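Q: I am new to this structure and would like to learn how to read it, feature by feature. Could you walk me through it?

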Amino acid sequence: MRMVSILCTFVSGFLLFFAWSGYVEKEFEVIKYRGHVIEKKRIELTKDIGTSLVTQPSYKIVFTDGKELTVPYYIYKNIKEDRYAVVIKQKDNMTLLKQRS
């Protein structure tokens with residue numbers, strides 16, 4: 001009986017460790033977008049909320065490789081066209097790492 005409880009404790013600790021390590025790995029996952037920005041787009045999105053329509057701006061930048069990235073307003077405002085930029089995305093946060101001509 002004592003051996004079974006020790007074995008169960010060891011197995012549950014082992015499984016908990018691997019579940020936690022997977023969570024931590026996804027928590028610190030970072031995606032880098034880099035390249036020359038060739039275009040900045042501001043698009044008005046219309047959303048239907050019940051009985052009314054609401055318009056909301058959406059900001060996008062286009063890199064030379066054709067990748068289109070939706071960015072927050074502060075990145076859209078600070079980024080310049082025809083410049084090399086590095087944008088980092090971590091979970092729901094985006095940061096403009098660097099920009100040069």
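Q: In what order do the elements of the protein chain run from the N terminus on?
A: Helices (H or I, at least four residues) and strands (E, at least two) are DSSP runs, numbered from the N terminus. Here the order is α-β-β-β-α-β-β, which comprises two helices and five strands. This is a predicted model, in which local features need pLDDT of at least 70 and side-chain atom pairs count only at pLDDT 80 or more, while totals for chains, interfaces and linings use all residues. Residues are numbered from 1 along each chain as its sequence is written, and side-chain values use heavy atoms, with hydrogens and water left out.

Q: What share of the residues in the protein chain is buried?
A: Buried means under 20% relative accessible area, exposed means over 50%, and partly exposed lies in between (1.4 Å probe, protein chains only). In this chain, buried residues make up 20% of the 101 residues.

Q: How many aromatic pairs does the structure hold?
A: Let's begin with the idea. A pair of aromatic rings is described by the distance of the centres and the angle of the planes. Rings of Phe, Tyr and Trp (its six-membered ring) pair if their centres lie within 6.5 Å; planes under 30 degrees apart count as stacked, over 60 as edge-to-face and the rest as tilted. The structure holds two such pairs. One of them joins Tyr59 and Tyr73 in a tilted arrangement, 5.2 Å centre to centre with 55° between the planes. Tyr59 lies in strand S2 (residues 52–63) and Tyr73 in helix H2 (residues 73–78), so this pair ties together parts that are 14 residues apart in sequence.

Q: Are Tyr59 and Tyr73 buried or partly exposed, and what is the other pair?
A: Tyr59 is buried, with a relative accessible area of 12%, whereas Tyr73 counts as partly exposed at 45%. Tyr59 also forms a tilted pair with Tyr76, 4.7 Å centre to centre and 40° between the planes. That pair links distant parts of the chain, with Tyr59 in strand S2 and Tyr76 in helix H2, 17 residues apart. Tyr76 is buried, as is Tyr59. Put together, Tyr59, Tyr73 and Tyr76 form one aromatic cluster.

Q: Which charged end sits over the ring of Tyr76?
A: A charge sits over a ring if NZ of Lys or CZ of Arg is within 6 Å of the ring centre and within 35 degrees of the ring normal. Here it is the charged end of Lys40, 4.6 Å from the centre of the Tyr76 ring.

Q: How many salt bridges does a search of the whole structure find?
A: A salt bridge is a side-chain nitrogen of Lys or Arg within 4 Å of a carboxyl oxygen of Asp or Glu. The search finds three. In one of them, the side chains of Lys41 and Glu68 meet at 2.9 Å, N to O. This pair links distant parts of the chain: Lys41 is in strand S1 (residues 31–49) and Glu68 in strand S3 (residues 68–71), 27 residues apart. Lys41 is partly exposed at 26% relative accessibility, and Glu68 is partly exposed at 40%.

Q: Which residues do salt bridges with shared partners join into one network?
A: Glu68 also meets Lys60 in a salt bridge (3.4 Å, N to O), and Lys60 is buried, with a relative accessible area of 19%. Through shared partners, Lys41, Lys60 and Glu68 are joined into one network. Elsewhere, Glu44 and Arg42 meet in a salt bridge at 2.7 Å, N to O.

Q: Where is Asp82 found, and what is its phi?
A: Asp82 is found in the loop between H2 and strand S4 (83–90). Its phi is near 60°, a positive value in a residue other than glycine.
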